Protein chains: 2
Amino acid sequence: MKKELNIITFDADDTLWENEPFFRENEQRFCELVNEYADSKQILDTLLKNEVKTLPIYGYGIKGFVLSMIETALELSNNQVSGSTIKKIMQLGKEQLSYPVKLIDGVEDTLSALQGNYILVMATKGDLTDQERKIEKSGLKKYFSHIEIMREKNESGYQSLLNRLQISPDKFLMVGNSLKSDIIPVLSIGGYAAHIPFYTTWEHEKVDDPQECDRMFSLNSIRELLSVI
Amino acid sequence: MKKELNIITFDADDTLWENEPFFRENEQRFCELVNEYADSKQILDTLLKNEVKTLPIYGYGIKGFVLSMIETALELSNNQVSGSTIKKIMQLGKEQLSYPVKLIDGVEDTLSALQGNYILVMATKGDLTDQERKIEKSGLKKYFSHIEIMREKNESGYQSLLNRLQISPDKFLMVGNSLKSDIIPVLSIGGYAAHIPFYTTWEHEKVDDPQECDRMFSLNSIRELLSVI
């Protein structure tokens with residue numbers, strides 16, 4: 001499909017750099033902080049419930065995650081959780097907001113090989129401040145002609161992106177780890193999508209596999225991208 | 001300057017709709033919630049210190065404000081603040097994230113009169129999710145050809161915006177209430193700026209008046225914009 005393709009758009013979190021493992025680690029630390037009030041399963045279920053409930057007002061990202069951990073600690077302890085535990089929860093968030101950015105294997109080689117032959121775009125969702133921090137720290141900014149921080153990666157979000165880039169969906173390939181956010185909505189509007197699973201996915205992002213579609217590619221590593229386009 | 005001007009860019013918070021008064025109200029409510037630990041001045045000083053300290057990682061917006069209120073309550077109470085008070089602080093934030101959007105007088109008439117003669121752009125900073133919510137609720141989206149949510153409204157932020165809009169600064173007018181964020185950086189890069197003070201300004205946004213500049217206009221109301229361009 002090379003001769004027709006103009007724009008390759010990359011998801012960032014867990015496609016270009018690691019992100020979800022930091023949430024998993026902090027969920028485990030959070031469980032230890034409040035384990036006098038419930039077992040790990042109940043803690044994580046309550047946290048997920050609170051995160052999903054507040055997504056419409058908090059949006060994606062670490063600040064909403066911290067607020068949801070605090071809400072969960074209050075809920076499970078009947079407001080008895082101590083101030084020092086709340087402070088430790090906030091500290092988890094501050095640390096997560098300052099972690100180094102760890103690129104996924106093959107990312108830099110692949111972007112470097114594609115640059116010049118395609119217009120490369122980064123499309124991510126989440127917290128503006130934190131995404132900008134990761135973009136800066138990643139050293140990858142130089143490969144991208146456009147960086148988009150989307151509120152929701154759904155069909156209308158991608159349609160707006162295509163309008164802004166002034167490109168038709170059949171010249172657009174999205175590369176990402178999330179079937180829900182990177183693959184299914186792009187296939188739905190007629191674009192191409194390359195799915196590269198990451199080893200861990202947030203519960204709220206999990207969906208059934210999409211129907212087979214000849215505009216979708218399943219890859220084991222970002223390095224395989226060069227052989228399918 | 002009408003014949004030369006192409007793009008008029010509007011700040012949103014406290015220029016198109018009210019925003020800062022909600023922070024002021026919640027600061028007062030916060031003082032009442034923790035008044036057993038300090039007087040109002042000390043509470044507000046500590047809150048401001050914590051907000052400014054965490055701006056680089058939290059960014060602008062209500063979620064960072066809530067986290068800073070919690071941090072302030074912990075700090076002033078030596079971690080003795082109760083879980084139910086923390087819960088009330090979080091509730092203040094949730095309410096603020098759901099407030100109706102109240103347009104400032106004259107906004108809709110002015111935008112309606114300008115539309116068609118100029119390209120209108122909205123450039124705001126802050127939390128992505130919350131700004132998108134306010135843009136939707138405001139009913140003003142139809143007037144703007146481009147909406148930009150910036151991380152920082154400084155010289156390099158405006159220069160990137162001009163590059164993206166493919167316009168030179170002498171065809172660019174910025175309209176806003178904040179000397180620090182809307183006026184001074186735009187004048188510095190050679191653009192025009194119309195300052196419309198709002199009756200309340202966040203301490204961290206306060207700066208000295210800029211040097212006189214014939215590319216700056218001081219207005220009492222957005223309605224006056226029509227007579228100066």
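Residues 24 or more positions apart supply 69% of the contacts in chain A that have a separation of 6 or more, as computed from what is a predicted model. Chain A contains nine helices and six strands, and its radius of gyration of 19 Å is close to the 17 Å that the globule rule gives for 229 residues, so that chain A is as compact as a globular protein of that length. The C-alpha trace of chain A spans about 65 × 35 × 30 Å along its principal axes, and 38% of the 229 residues of this chain count as buried.

The contact between the two chains draws on 28 residues from chain A and 28 residues from chain B. On the side of chain B that touches chain A, two or more residues each come from helix H2 (40–58), helix H3 (62–76), helix H4 (83–96) and helix H6 (128–138) of chain B, with H3(B) giving the most, namely seven residues. By residue class, this side of chain B comprises twelve nonpolar, ten polar and six charged residues.

Within chain B, the axes of H3(B) and H4(B) lie 9 Å apart and the two helices pack at an angle of about 160°; since angles over 145 degrees count as roughly antiparallel, H3(B) is therefore roughly antiparallel to H4(B). The crossing of H3(B) past H4(B) is right-handed. To this contact H3(B) brings B:Ile62, B:Lys63, B:Phe65, B:Val66, B:Met69, B:Ile70 and B:Ala73, whereas H4(B) brings B:Thr85, B:Ile86, B:Ile89, B:Met90, B:Gly93 and B:Gln96. Nine of the residues in the contact of H3(B) with H4(B) are nonpolar, three are polar and one is charged.

Terms used:
Residues are numbered from 1 along each chain as its sequence is written. Chains are lettered from A and ligands numbered from 1 in the order in which they are written. This is a predicted model: local features need pLDDT of at least 70, side-chain atom pairs count only at pLDDT 80 or more; totals for chains, interfaces and linings use all residues. Two residues are in contact if their C-beta atoms, placed from the backbone, lie within 7 Å. Helices (H or I, at least four residues) and strands (E, at least two) are DSSP runs, numbered from the N terminus. Ala, Val, Leu, Ile, Met, Phe, Trp, Tyr, Cys and Pro count as nonpolar, Asp, Glu, Lys and Arg as charged, and the others, Gly among them, as polar. The radius of gyration is taken over C-alpha atoms; the globule rule is 2.2 Å times the number of residues to the power 0.38. A residue is buried if 20 or more other C-beta atoms lie within 10 Å of its own, exposed if 12 or fewer, and partly exposed in between; C-beta atoms are placed from the backbone. Axes are lines fitted to C-alpha atoms, for helices over the stretch in contact, and angles run from 0 to 180 degrees between N-to-C directions. Angles under 35 degrees count as roughly parallel, over 145 as roughly antiparallel, 65 to 115 as roughly perpendicular and the rest as oblique. A crossing is left-handed if the near helix is turned anticlockwise from the far one by less than a right angle, and right-handed if clockwise.
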